[in-house]
Amino acid sequence: MELWKRTALELGRLIARREVRAVEVVTHFLERIEALNPAINAVVTLDADGALAAARMVDERLDRGETFGPLAGVPVTIKDLTETKGLRTTYGSALLRDHVPDVDAVLVERLRRAGLPILGKTNTPEFGGKFDTENRLFGATRNPWKLDHSPGGSSGGAAAQVAAGLGPIAHGNDGGGSIRVPASCCGVFGLKPQFGRVPFWPRQDSWATLNHEGPIARSVRDAAALLDLMAGPDPRDPYSLPGPVPSFLDACEGDVRGLRVAWSPTPGYGRIDPEVQALCEAAARTFEDLGCHVEEASAGLDFPAEAFLGIIVPRMVTQLERDLPPGFVEQLDPMLAVFLPYADQLSARDVARAEFARLQLYDRVEAFLQRYDLWLLPVMAAPPHRSGAFGPTEIAGRPVDSPLEPFFTFPFNLTGHPAASVPAGFTRDGLPVGLQIVGRRFAETTVLRAAACYEAARPWADRWPEIAEQSSR
């Protein structure tokens, strides 16, 4: 099997056994990026020299008999919203095209220390502000399954990279669905851990109370192994969870017999495309075959867009006004610029009401999850949308009433619960659809075990988009 088709854990074992050199693995993926990235535009800043130097270090230390963890020598990418010391970090903004941080984010420090070569940075919309990965600095990232469609956002570059075999694992972050939506759109696995599980520092103040750092991978166990390296407390992040931290890779073992599982086609709000519903419902019924008690039930959530916008918009606008030069609005993505007048309309009472609504939403979800171990529902109400739009513009042929209506992800950023996207299947047009698995508070281990059992029952990793095979022909 070619190296790019191997899982990250398989590559790690090959490197550890000296059956392949880490330098060889990194070189292999650099060649794939050179061949395929121009069509997909997933990786926007490449660090070939740095990745090769890190790989050589791993090889040398292994030659001396030293041991590493299971992903040593396996290359990873970092989303361009996250700081990398000495490596350009633009936040998807032309205003910061030459910004080079002098520190690593906590998670980057940890990945470097674990021996993972960093291939480079993946594309993101400007400041993570929409569900389409496109910006004025680097242009649009393409969905490897259909190049005129979006990979989702804001971790669209990361998900497209993994889907096309440009690297086996990727870092993403999720402030409203930004790991789960791209994972769904690109047919890969993505996990938003419990809020605070992975430290968020240096933090972007606008996203500080909503953002979850997490993994994107082709397999559940690869994602779990990557999370093992990123997770754990750090005093620089006041929201980071204390230890001890469980082994997320170990949590993938075992079965899910006896778990109480709720399935619902919506969270309570919104409409659903019939084809998406059918695919997700069939995927949800797989859990019956796995021995779970599955029933159709919903927490009946009201549409929490006002709460979400009332929290993120004032913070986003305040950060932009603080950090960017005068006149920045003229260079800002128009889809992001609409936040500024909206922020002017919000009163202090509106912001307080948003925080109250957030707490009420948490109460409702938490009460529901006291009755069920897992809640299954679609990631999105519609298939992946075409590039150039904030998100899907219609559901089942009818225009959306709100840009946030198609997304069933952001309620769980407001509550902080762990949630994952697993591939549910493909539409008649050949576009991926994701099933969302939501767990109880702090219960990433249950989410991962359920996802791993589902993956064993309905494996997806051997199906690749046509463009991924092109460099092998």
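Tutor: This is a predicted model. Start with the salt bridges, which come to a count of 28.

Student: Which residue does Asp59 meet in a salt bridge?

Tutor: A salt bridge needs a nitrogen of Lys or Arg within 4 Å of a carboxyl oxygen of Asp or Glu. The side chain of Asp59 meets that of Arg18, at 3.3 Å from N to O. The pair links distant parts of the chain, 41 residues apart. Asp59 sits in helix α3 (residues 48-63), and Arg18 in the loop between α1 (8-16) and α2 (22-40).

Student: Is Asp59 buried or exposed?

Tutor: Buried means under 20% relative accessible area, and exposed means over 50%. Asp59 has 3%, so Asp59 is buried. Arg18 has 26%, so Arg18 is partly exposed.

Student: With which residue does Arg197 form a salt bridge?

Tutor: With Glu444, the closest N and O atoms being 2.7 Å apart. Arg197 lies in the loop between β7 (189-192) and β8 (212-217), and Glu444 in helix α15 (residues 444-457). The pair therefore ties together parts that are 247 residues apart in sequence. Arg197 and Glu444 are both buried.

Student: Which residues do salt bridges with shared partners join into one network?

Tutor: Arg18, Arg21, Asp59 and Asp63.

Student: What about Asp174 and Arg180: how far apart are the closest N and O atoms in their salt bridge?

Tutor: They are 2.9 Å apart. Asp174 counts as buried, at 0% relative accessibility. Arg180 is buried too, with a relative accessible area of 0%.

Student: Now helix packing. At what angle do α4 and α7 pack?

Tutor: Angles of 65 to 115 degrees count as roughly perpendicular. Helix α4 (residues 106-113) and helix α7 (residues 220-230) pack at about 110 degrees, with their axes 8 Å apart. So α4 and α7 are roughly perpendicular to each other.

Student: Which residues meet there?

Tutor: From α4 come Leu107, Arg110 and Leu111; from α7 come Leu226, Leu229 and Met230. By class, the contact of α4 with α7 has five nonpolar residues, no polar ones and one charged residue.

Student: Last, a loop residue. Where is Leu332 found?

Tutor: In the loop between α10 (305-323) and α11 (334-337). Leu332 is buried, with a relative accessible area of 1%.

Student: Which residues does Leu332 touch?

Tutor: Leave out residues up to four places away in sequence. Leu332 then touches Glu126, Phe127, Arg136, Leu320, Ala337 and Leu340. Compare sequence with space for one of them. Leu332 and Arg136 are 196 residues apart in sequence, but 8.5 Å apart in space, C-alpha to C-alpha.

Technical notes:
Residues are numbered from 1 along each chain as its sequence is written. This is a predicted model: local features need pLDDT of at least 70, side-chain atom pairs count only at pLDDT 80 or more; totals for chains, interfaces and linings use all residues. Side-chain values use heavy atoms; hydrogens and water are left out. Axes are lines fitted to C-alpha atoms, for helices over the stretch in contact, and angles run from 0 to 180 degrees between N-to-C directions. Helices (H or I, at least four residues) and strands (E, at least two) are DSSP runs, numbered from the N terminus. Angles under 35 degrees count as roughly parallel, over 145 as roughly antiparallel, 65 to 115 as roughly perpendicular and the rest as oblique. Contact means heavy atoms within 4.5 Å. Ala, Val, Leu, Ile, Met, Phe, Trp, Tyr, Cys and Pro count as nonpolar, Asp, Glu, Lys and Arg as charged, and the others, Gly among them, as polar. Buried means under 20% relative accessible area, exposed over 50%, partly exposed in between (1.4 Å probe, protein chains only).
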